[in-house]
Amino acid sequence: MDRVDVTVIGGGPVGLFAAFYAGMRGMSVRIVDSLPELGGQLTALYPEKYVYDMPGFPAVLAKDLARGLIDQAARFHPEVVLDETAEGLEPDFEGYTVVGRRDRYPTRTVIVSAGAGAFSPTKLGVEGEDGYVGRGLSYGVKSKADFEGKRVLVVGGGDSAFDWAENLHPVAASVEIVHRRDQFRAHEETVRAVRGLGVGFHLFKVVTALHGDGDLTAVTLEDTQTKESGEIPCDALVVNIGFKSSLGPIKDWGLVIEKNQVVVDHGYRTNLPGVFAVGDVCSFDGKIKLIATGVGEAATAVCLAKTRLDPTAKLFPGHSSDMDQFATVPG
Ligand SMILES: Cc1cc2nc3c(=O)[nH]c(=O)nc-3n(C[C@H](O)[C@H](O)[C@H](O)COP(=O)(O)OP(=O)(O)OC[C@H]3O[C@@H](n4cnc5c(N)ncnc54)[C@H](O)[C@@H]3O)c2cc1C
């Protein structure tokens, strides 16, 4: 493996923008992500949802925003290593070696943009659950088209559950929400909108069994109060009862961590020299977990990494609109 100027750990929106900005500053870049595709939460958790707070985009689908960030980063040809988890960080004479599950990645500086860390969905805890994943059971929605004409049960009472119920309603044959209470964590507006669509509700119910020879065809719902249960036919079960996330191995790198986040200074520098943290993973007074704020953090961290490697370089690179390298617009 060649030693690169910067290794970006986490190819979510913030890491992708860091990769773009580092490329723009003439740095060699490697992105490492444990997921099989780039885009972080945008791609993995809510690809079909609209995002309304991106500067310049009144509304943009999360998957389209991810596509744009991926294309923008690709302009400077970063090396992309997917399905690879950064497990260790070893200092060496020229910087660090990021130790992955499969390989070792030498680098001069590191930008950690690992979000909430590697995340995994909270499961129902029902017998045989894993066997139905991809055969009717999912923990999110990758493509609405997969639910066309299907009888869908959405489990959960939070924003994600209600958002999926609203989004799937136009394509599915039917959508019903299963929730263990009659109170919802979801935003009032969304609850009102979903009720207005005529989505059905199974309240005070939990899923206790899954049925189907191969593909899912029905579930057993148990009443949390009376303990009575009954079988409900369905073709798709979308489980939205939360995500567990953990920084995992990153916690052992010698970084200062508070509440599962990496503590940084005003330049997004961690306590380890040449290691920066940006986006959801970092913590400082006034931190807001938004894409719009995270990409700004990434630009600053990249510029500080640049001046660390080349003290003659200016911190502020100038405006992209004035740079010769952008004289042509990619097709
Ligand atoms: C349902 C939902 C709706 C949202 N809506 C909005 C919105 O409207 N506007 C907005 O601004 N924000 C929104 N957000 C928040 C936004 O998605 C996050 O702030 C953003 O994704 C953070 O970007 P990030 O790049 O820091 O981290 P992430 O997107 O979490 O990406 C981190 C990446 O790091 C990888 N990773 C983690 N650990 C390792 C490791 N050890 N090795 C290799 N890779 C690793 C992960 O696989 C992941 O791909 C929403 C979030 C959710 C869940």
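## Overall form

The protein chain contains 7 helices and 22 strands; helices (H or I, at least four residues) and strands (E, at least two) are DSSP runs numbered from the N terminus. This is a predicted model: local features need pLDDT of at least 70, side-chain atom pairs count only at pLDDT 80 or more, and totals for chains, interfaces and linings use all residues. Residues are numbered from 1 along each chain as its sequence is written.

The C-alpha atoms of the protein chain fill a box of roughly 70 × 40 × 35 Å along the principal axes. Of the 331 residues, 40% count as buried, that is, with 20 or more other C-beta atoms, placed from the backbone, within 10 Å of their own.

## Around the ligand

Among the 37 residues around the ligand, G10, G12, G40, G115 and G279 come nearest; a residue belongs here if its C-beta atom, placed from the backbone, lies within 6 Å of the ligand. Helix 1 (13–24), helix 2 (41–44) and helix 7 (291–309) each contribute at least two residues to this shell.

## Two domains

The domain assignment gives domain 1 (4–119 + 244–326) and domain 2 (123–241), with bounds from an automatic or database assignment. Their centres, taken over C-alpha atoms, are 34 Å apart. The contact between them takes 4 residues from domain 1 and 6 residues from domain 2, where contact requires C-beta atoms, placed from the backbone, within 7 Å.

Note on methods
A residue is buried if 20 or more other C-beta atoms lie within 10 Å of its own, exposed if 12 or fewer, and partly exposed in between; C-beta atoms are placed from the backbone. Two residues are in contact if their C-beta atoms, placed from the backbone, lie within 7 Å.
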